[in-house]
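Biologist: I would like to check the labels on a model. Please set each value against its cut-off.

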Amino acid sequence: MIDVGLLASIAIVLIVPSVFVPPWPTSAAVMGLFETAGGALMIGLVVGRLTSVAIDDPGSLTRISDLMIIRSGVEFWPGVVAGMAWIALRSNHDHIAPAQRLAALTAPALVAWACFEATCLIRDGCPGPLSNVGLRPDGLVQRMLPVGVLAAATAVGAAIATRHFHRRGMPNAQVVALALALLAVIRSVASIWLPRIGEGLTRQHKTSLAVAVIASASFVAIRVLDRRATALAER
Amino acid sequence: MDNEQFEPAVQSTRSGRRTKLLASAAVLVIVGFAVTRPASDTSFRASGEPLALPEAAELTELSADQFEGVLVGLHGTPVIVNIWASWCSPCRTETPLLERTWRAHGDEVMIIGVASKDAASRSRAFMDEFGVSFPNVFDSSGEIRARLGLRGFPTTYVFGANGELRTTIVGGLTEQRLAAVLEDLRG
């Protein structure tokens with residue numbers, strides 16, 4: 001059984017960010033970008049899926065057919081960490097500072113995530129709290145506020161902000177920390193409104209809160225260290 | 001590789017515009033293909049004499065007519081019917097979700113599992129593995145899945161309190177999807 005909605009979503013995630021990125025200087029650079037970003041996406045998917053299965057159903061870790069059903073769950077943040085680690089390794093291999101390459105890829109990555117969230121429209125509809133001004137998810141009777149679409153719009157804003165700060169000379173590591181903090185905050189806030197079973201925070205909500213705290217603390221720490229270094233250099 | 005390779009060039013080119021045009025066209029085709037998927041068939045409506053619900057946590061064998069009778073007997077309560085099998089991978093993910101839903105919302109919605117295309121012993125072991133406590137029936141002849149028009153495992157049928165089939169979800173359930181269904185039933 002082919003999951004048309006999910007396949008279409010992945011195709012859009014791969015295509016749209018490239019539409020909104022200006023032309024790259026050489027074909028070699030384009031290949032390097034696809035190799036790095038595509039590899040990060042694949043590694044992230046594999047690690048995220050393995051983590052999800054390890055937590056929810058460890059007995060399925062040895063069954064390839066179970067592992068391949070990504071619709072059943074992919075842990076987001078372990079996937080992001082794995083993707084970033086892949087990019088860092090590739091950067092070392094190419095003799096480039098990992099933070100430099102990670103910072104250059106933050107905005108396209110945020111746009112890619114925004115695209116995935118927005119494609120809830122063609123998967124099952126975008127669930128959220130009941131609302132008269134919302135959309136009607138596939139097969140449901142009531143209208144719901146499309147939280148995924150709102151999160152996507154906010155993520156595009158975050159991508160524009162990080163690119164702006166990057167171009168104005170914010171240190172690479174700080175750009176990465178800022179992007180992670182913004183993404184974690186968006187996911188945390190979206191989790192408040194997304195439907196869930198029972199009471200209490202979902203796992204995705206808890207991990208997003210943890211990442212928001214760590215990334216924000218890192219952002220502040222990098223800023224303080226950078227200012228100290230600048231002050232020392234000026235003396 | 002130097003930094004320039006990961007920084008976009010400022011000057012736009014004709015090939016760049018052509019790429020954007022082709023990519024936009026591809027997205028339009030993909031979206032068009034996805035949104036024109038056929039809607040799920042909601043014509044099924046249970047009929048017959050009302051029958052009592054099987055015991056929770058048991059795996060009772062029922063014919064299709066008896067199963068329809070159970071659904072008729074549940075009119076007045078929203079019902080989620082989940083067709084599963086022990087060999088079905090997505091069923092392993094959604095069964096704990098259904099169990100959580102049953103424990104949290106069992107007083108407002110009925111959940112009935114239908115084990116089909118499977119050996120009874122394997123279905124029973126699957127229920128024990130996941131500690132299933134909601135009612136389940138065993139569809140040994142395949143009549144129930146045929147009557148509901150099953151297209152693939154797992155499939156979840158959502159019935160409103162008035163007995164009408166509101167939606168059919170083919171494939172694995174996610175927590176968000178299931179919670180949205182519950183919200184919809186409550187609203």
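Modeller: Some ground rules. This is a predicted model, where local features need pLDDT of at least 70, side-chain atom pairs count only at pLDDT 80 or more, and totals for chains, interfaces and linings use all residues. Residues are numbered from 1 along each chain as its sequence is written, chains are lettered from A and ligands numbered from 1 in the order written, and side-chain values use heavy atoms, with hydrogens and water left out.

Biologist: What pLDDT does chain A average?

Modeller: The average is 89, and 94% of the residues score at least 70. pLDDT is the predictor's confidence in each residue, from 0 to 100. Helices are DSSP runs of H or I, at least four residues, numbered from the N terminus.

Biologist: What makes helix 5 of chain A roughly antiparallel to helix 7 of chain A?

Modeller: The axes of helix 5 (residues 98–118) and helix 7 (residues 147–167) of chain A come within 8 Å and cross at roughly 170 degrees. Axes are lines fitted to C-alpha atoms over the stretch in contact, with angles from 0 to 180 degrees between N-to-C directions. Angles over 145 degrees count as roughly antiparallel. Therefore the label holds for helix 5 and helix 7 of chain A.

Biologist: Which residues meet there?

Modeller: Contact means heavy atoms within 4.5 Å. On helix 5 of chain A they include Trp113(A) and Glu117(A); on helix 7 of chain A, Arg163(A) and His166(A) are among them. The contact residues divide into 15 nonpolar, three polar and two charged.

Biologist: How do you know that Cys120(A) and Cys126(A) form a disulfide?

Modeller: A disulfide is a pair of cysteine sulfur atoms within 2.5 Å. For Cys120(A) and Cys126(A), S to S is 1.9 Å, so the pair qualifies. Their link is right-handed, with 90 degrees about the S-S bond. Cys88(B) and Cys91(B) also form a disulfide, with sulfur atoms 2.1 Å apart. The count over all chains is two.

Biologist: Why is Cys91(B) called buried?

Modeller: Buried means under 20% relative accessible area (1.4 Å probe, protein chains only). Cys91(B) has 0%, so it is buried. Cys115(A), at 11%, counts as buried too.

Conventions:
Helices (H or I, at least four residues) and strands (E, at least two) are DSSP runs, numbered from the N terminus. Angles under 35 degrees count as roughly parallel, over 145 as roughly antiparallel, 65 to 115 as roughly perpendicular and the rest as oblique. Ala, Val, Leu, Ile, Met, Phe, Trp, Tyr, Cys and Pro count as nonpolar, Asp, Glu, Lys and Arg as charged, and the others, Gly among them, as polar. Buried means under 20% relative accessible area, exposed over 50%, partly exposed in between (1.4 Å probe, protein chains only).
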